Amino acid sequence: MKTHNASWRISLAAVSVLAVIAQPIVGQESVSAWTPELSMQYHAIQCTAISPYGQYIAYVVRKPLMEGSQSEYLSHIWVATADGAGTTQYTRGEKSASNPSFSPDGQYLAFTTGRTDETQVWIIPLFGGEAQQVTEADAGVGRYQWAPDGSRIYYTMRDSETEEEKTAKEEKLDVILVDQNFKFNHVYSVSVWADESGERTTTRLTSGNYHVTSFDVSPDGATIVFAHQSDPRINTGRLSGDISTVPSDSGAMSPLVITNGVNSNPFFSPDGRSVAFRSTGNQPEPIGLGDVYVVSSGGGTPRKLAETHDRSPGIMGWTGNGSAVLVSEATGTTRGVFAVPADGGAPYAVTSGEGVIGSVSFSKDAQHMAFTFQTTDSPPDVHISAVADFSKRRITDVHGDVPRPVMGRTELLTWKSPDGLDIEGLLTYPVDYQRGRRYPLILNVHGGPAGVFSQSFTGSASIYMIQTFAQEGYAVLRPNPRGSTGYGKEFRYANFQDWGYGDLSDLMAGVDEVIDMGIGHSDSLLLMGWSYGGYMTSFAVTQTDRFKVASMGAGLPNLISMTTTTDIQDYLVGHMGVEFWDDYERYERHSAIYHIANVVSPTQVIHGAEDLRVPFTQGQEFYRALGRRGIPTEMIVYPRTPHGPREPKFLMDVTGRIMSWFNHHLGRSTPTTDDAAVLER
């Protein structure tokens, strides 16, 4: 038995008054301006878990630690009462805790933490007592789930190093054999309660040369259904995936769904007779496509349910009576919950209204739901609602003591692309915007290309701190061009074999719309974007000289070298429609590097040193080419960084770097909304 740490202890007295102690509302400090430092105080709420009968909601708050040598995030679990009367922090200490899940009887709260190095599952009594470690997984726990009777916890674990591999590492002989010797995820179970000797029984349930990506436990606890692919590579998951079952007390694996497409994310129906899952059908869809299917848990032919609006549903479970499958999906700039009837009927909305709903969890009978909700001008908080009659009610005030200066308002715009497509975008006005004055306009392009700009809080910390740009007198346009999620399959596929052309016309039409509105200044246009947004940045500056200055983040200017170095090569080839050796001209036509002679805009390059999605060499290619052409440029490299900053100090740094680059090339020294930030018509 592991020793307990006082940081995980919660007093019975404290919990007994949980329902009557309200979270304090601290008076907001007077802060006059938005800065990256302020945005970092708006913490992320990472997930929710509602207790079986809906009385309590657990949620995770993540905050940055940036004192001295620290640059990391710390997550801890809080529990709120459903009536909103009070909230209590349940975990503390220097190690993060996350992924809360209530026991089936609602008496315990499970969570994961790495306080013993590897991530393990712990449980803590809801009404007082010490936390105790349940799993002792050598390589750490991935997903986990309670058994329906609360006696066991099922979890996934990656294969451990062999003794030979450990010895090779010690002797500095640990060579890497690329795409060989994979470490697979497999399913295990462990008894929640220790026996008289203090031991817990652990059972391995799956084994073999396949990688488990998700699983679910049947309502009677007898069967595990799980999705798996042939190896752990992210690219493999875009090409194939099957679903199988295994007895929960060990036994032979039985195939349930095997097709030529990708099958994933299985969920048992409440009666255990059916399994819902997401599938691409009979072929892979590397651009991005999925529908809800249902199959008998005993086997048979899968049945496709009605298509959702965007055909990109995230399955979360079933309604309590098993009549429909509950999914999360984007609709334009909003995100909500929808029900897909099991009888094949048309999907219908469970939630309603503007804003973004996320981190959804359901009570045992799926009659109540907990979720986070945010809008462009209100930060995320935990809300609850009945499922059958949606009416959200806020039960937390996570940011009640964080200053909220005057914000630049955000407006949803719609415009026509030259070929007639309707395009949406979010325009954030400068703080203290004055009608009749024109402002420098930043075109901010999202990643993906199947990303989407949603109505999330514009004051939150992100790679691009929107309110900081607005504070310094910039207008910021964030369009959703063709290829974006949230507008249906045809729209998402509309940039197939057309990267950099139709989508660029969508973006530029949006820029012209803001200029025509009398807000943007045509001589002070700026451009920035990350990932696919970085690709569009690199390509745009080869196609137009309208941008005074640009900043490319994790961009991919060379689609040929990108295909041979990225970890998602089939995603890129799927959009191009052909391998590059079969059509070099197509790849060159859509690659900025082959049009580099056209660039006149000073262009900053930002990249992570350990980026596997868009390898570091992509940014380096563009930076070196710009320099050799004599185009003003600079390259900023963040060490230890994959495809986007993971350390809060680096995240906070990006906006300042871009702001300095923009200000310099606009001739703005100390921008304010009173002078240099405002350009007369």
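In the predicted model, Tyr188 is located in strand β11, which spans residues 185-191. With a relative accessible area of 9%, Tyr188 falls under the 20% limit and is therefore classed as buried. Beyond the residues up to four places away in sequence, Tyr188 touches Ile153, Tyr154, Tyr155 and Met157, together with Thr202, Thr203, Arg204 and Leu205. With one of these residues, Arg204, the side chain of Tyr188 also forms a polar contact of 3.2 Å. Gly619 stands 431 residues away from Tyr188 along the chain, and the C-alpha atoms of the two residues are separated by 42 Å.

The loop between α3 (163-170) and β11 contains Asp179, a residue that has a positive phi of about 60 degrees although it is not a glycine. Most residues other than glycine have a negative phi, and most peptide bonds are trans. Asp179 is partly exposed, its relative accessible area being 46%. A positive phi, near 45 degrees, is also found at Ala554, again a residue other than glycine. Ala554 belongs to the loop between β34 (547-553) and α8, and its relative accessible area of 0% places it among the buried residues.

Polar atoms of the Thr280 side chain lie 2.8 Å from the backbone nitrogen of Val262 and 2.8 Å from the backbone oxygen of Gln283. When neighbours within four places in sequence are left aside, the residues in contact with Thr280 are Gly261, Val262, Glu285 and Leu289.

Helix α9 (residues 569-576) is largely enclosed by the rest of the structure, because six of its eight residues are buried. The buried residues of α9 are Tyr571, Leu572, Val573, Gly574, His575 and Met576, and they pack against α8 (559-563) and α10 (584-589). Just after α9, Gly577 adopts a positive phi of about 85 degrees.

Considered as a whole, the protein comprises 12 helices and 36 strands. Its radius of gyration is 26 Å, which agrees with the value near 26 Å that a compact globule of 681 residues would have. Taken along the principal axes, the box filled by the C-alpha atoms is roughly 75 × 65 × 60 Å. Of the 681 residues, 56% count as buried, and among contacts between residues at least 6 apart in sequence, 58% join residues at least 24 apart. The accessible surface amounts to about 27,700 Å², with 47% of this area belonging to carbon and sulfur atoms. Charged side chains number 52 positive and 75 negative, and the centres of the two sets lie 3 Å apart.

Key. Residues are numbered from 1 along each chain as its sequence is written. This is a predicted model: local features need pLDDT of at least 70, side-chain atom pairs count only at pLDDT 80 or more; totals for chains, interfaces and linings use all residues. Side-chain values use heavy atoms; hydrogens and water are left out. A polar contact is a pair of N or O atoms within 3.5 Å; within protein, one must be able to donate a hydrogen and the other to accept it, and residues adjacent in sequence count only if both atoms are side-chain atoms. Contact means heavy atoms within 4.5 Å. Helices (H or I, at least four residues) and strands (E, at least two) are DSSP runs, numbered from the N terminus. The radius of gyration is taken over C-alpha atoms; the globule rule is 2.2 Å times the number of residues to the power 0.38. Buried means under 20% relative accessible area, exposed over 50%, partly exposed in between (1.4 Å probe, protein chains only). Accessible areas come from the Shrake-Rupley method with a 1.4 Å probe; for residues, only the protein chains shown count as cover. Lys and Arg count as positive and Asp and Glu as negative; His and the chain ends are not counted. The place of a charge is taken as NZ of Lys, CZ of Arg, CG of Asp or CD of Glu.
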